[in-house]
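Hi everyone, thanks for having me.

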Amino acid sequence: MSLSQGPEWEVVCQSCSANRRRVPVEGADMAALRVLMLGVLAVLMAGEGPWAAGQKRKEMVLSEKVSQLMEWASKRAVIRMNGDKFRRLVKAPPRNYSVVVMFTALQPHRQCAVCKQADEEYQILANSWRYSSAFTNKVFFAMVDFDEGSDVFQMLNMNSAPTFINFPAKGKPKRGDTYELQVRGFAAEQLARWIADRTDVNIRVIRPPNYAGPLMLGLLLAVIGGLVYLRRSNLDFLYNKTGWAFAALCFVLAMTSGQMWNHIRGPPYAHKNPHTGQVNYIHGSSQAQFVAETHIVLLFNGGVTLGMVLLHEAATSDMDVGKRKIMCVAGVGLVVLFFSWLLSVFRSKYHGYPYSFLMS
C-alpha cells in the first residue's frame with residue numbers, strides 16, 4: 001500500500017487494480033479548526049472559575065446582609081442606623097430588598113415636636129408589619145437620627161426632618177420614593193398606602209388599644225346622667241332651644257374647620273423652618289393643613305357666627321334702642337374683622353386669588 005498526495009489524501013489498494021477506490025481522510029484545514037475549537041473551549045473553561053467565584057461571593061455577602069437585617073428586625077421593628085450601617089446595608093450593592101428610612105432629629109435639644117409625633121406613627125407602622133403576615137425580607141424599616149448620622153444627611157443633601165425615603169431593591173430612589181409629608185401627613189395608614197405603592201407590600205396598621213376615648217365618653221355620659229337624675233323633678237332644660245342650638249353650633253364649627261381631615265390624615269401641629277427657626281401655623285398649599293390652622297379657622301368662623309348672632313338679636317330683641325345699637329355695631333365689627341382674616345387665610349393657600357377685604 002502506498003500513499004499519493006493529490007487534492008486530498010487518498011489510500012490506493014494495489015491488490016485491486018481493477019477496482020481502485022478512494023477513502024477520504026481529514027484535511028489539514030479541518031484538523032486546524034478542531035485545534036482552534038479546543039483552544040477556545042479551554043479558555044472558556046479557564047475563565048468560568050473566577051466568574052463563578054465572584055458570583056458566589058456576591059451571594060454570600062447578600063445573604064449575610066439579609067440575615068443581619070432579619071436578626072435586628074426580629075428584636076426591634078425599626079432599625080437604628082449610623083453612617084457606616086447606612087452605607088453598608090442601604091447604599092452598597094448587592095441588595096435585593098427595599099429599605100424605608102425615616103430621617104429625623106429626636107434629641108431633646110433639637111426641639112422637633114413633629115419628629116416625635118412622626119416617630120410614634122412610624123413605630124406603629126413598623127410593628128404592624130413585624131407582627132403580621134406581611135413580615136418579609138423584601139422590605140425593612142430603618143431610622144437615621146441627625147445626631148447619629150449627620151454624614152448621611154450631608155451625603156443626601158438633606159436639611160429638614162422628618163423625611164421618609166424608600167430605597168428600592170434595584171436602582172436609585174425616584175421622585176415618588178420620597179414621601180410627601182406636608183401633603184399626606186404622617187399617619188401610619190398614609191405611610192402604609194405609600195409603601196404599598198412603592199414596594200407592593202401591603203401592611204394592615206394595627207394600633208395599640210386606646211382607652212382614653214371610651215373613658216372620656218363614659219365620663220361625659222355619667223355626668224349627663226347624673227345631672228338628669230339630680231333634676232329629675234324638673235326636666236324642662238332638655239327642651240331648652242338655646243342649649244341645643246349652642247351644642248349644634250359647636251359641632252358644625254368643629255366639622256367645618258377641618259377636624260375630621262386632621263383625624264384621617266394626622267398632620268403636624270405646625271412647621272418650624274430649620275434654617276430660620278420661624279414657625280408656620282398656616283400651610284402654604286391648598287392640599288394640606290396644620291392642626292393649628294384648624295384651630296385658627298375655627299376661631300375665625302366662631303367670631304363671624306357670634307357677629308351674626310349679635311346682629312340678629314339687635315334686630316329682633318325688645319331691649320332699649322341704645323343697647324341694640326351697641327349690639328349692632330359689635331356684630332358688624334366682628335363679622336368684618338373675622339371675615340377679613342378668613343379671606344386672608346384663603347388667599348395665602350390659594351395663590352393668585354384676586355380678592356381681599358381690609359387685609360391682604
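Let's start with leucine 299, which is exposed, with a relative accessible area of 53%. The cut-off for exposed is over 50%, so leucine 299 makes it into that class. Before I go on, keep in mind that this is a predicted model. Where does leucine 299 sit? Leucine 299 is found in helix H10, which covers residues 291–316. Now compare the chain with the space around it. Leucine 299 and leucine 342 are 43 residues apart in sequence, and their C-alpha atoms are 9.8 Å apart in space.

That takes us to the record. The UniProt entry, which is unreviewed, has the annotation "transmembrane region" on residues 211–230, 242–261, 296–314 and 326–346. What does the model show over residues 296–314? That span is 100% helix and 0% strand, with its end C-alpha atoms 27 Å apart. Residues 211–230 come out at 95% helix and 0% strand, and there the end C-alpha atoms are 28 Å apart.

Okay, zooming out for a moment. The chain has eleven helices and eight strands. Of its 360 residues, 31% are buried. And if you take the contacts with a separation of 6 or more, 62% of them are between residues 24 or more positions apart.

Now for the strands, and I'd like you to find E5, residues 139–145. Is E5 mostly enclosed or mostly open? Seven of its seven residues are buried, so E5 is largely enclosed by the rest of the structure. Both faces are covered: one side has Val139, Phe141, Met143 and Asp145, the other has Phe140, Ala142 and Val144, and all of these are buried.

So which strands does E5 pair with? One is E3, residues 78–80, which runs parallel to E5 over three bridges. In that pairing, arginine 80 has methionine 143 in E5 as its bridge partner. Another is E4, residues 98–104, also parallel to E5, with seven bridges joining the two.

One spot to look for is valine 99, which stands opposite phenylalanine 167 in E6.

Next, the nonpolar cores. Which residues touch the most other members of the largest one? In that core of 52 residues, they are Phe103, Leu125, Phe141 and Phe164. Helix H3 gives the most to this core, with eight residues. Take phenylalanine 164 as an example: leaving aside neighbours within four places in sequence, its contacts include Val101, Met102, Tyr122, Leu181 and Trp194. There's also a second, separate core of six residues, including Val304, Phe338, Leu342 and Val345. Notice that leucine 342 is back again, the residue whose C-alpha is 9.8 Å from that of leucine 299.

Last topic: cysteines. How many does a search of the whole structure find? It finds one. The pair is cysteine 112 and cysteine 115, with sulfur atoms 2.1 Å apart. The link between cysteine 112 and cysteine 115 is right-handed, with 70° about the S-S bond. Are these two cysteines buried or exposed? Both cysteine 112 and cysteine 115 are buried.

Cysteine 250 has a relative accessible area of 37%, so it counts as partly exposed. Cysteine 328 is at 33% and is partly exposed as well. The reason is the cut-offs: buried means under 20% and exposed means over 50%, with partly exposed in between.

That's my tour, so over to you for questions.

Conventions: Residues numbered from 1 in each chain as written. Predicted model: local features only at pLDDT ≥ 70, side-chain atom pairs only at ≥ 80, totals over all residues. Heavy atoms only, no water. Buried < 20%, exposed > 50% of the residue type's maximum accessible area, 1.4 Å probe, protein only. Helix = DSSP H or I, 4+ residues; strand = E, 2+ residues; numbered from the N terminus. Pairing = 2+ DSSP bridges. Core = buried A, V, L, I, M, F, W, Y, C linked by side-chain atoms within 4.5 Å. Contact = heavy atoms within 4.5 Å. Disulfide = S-S within 2.5 Å. UniProt positions renumbered as here; feature names shortened; annotations may be inferred.
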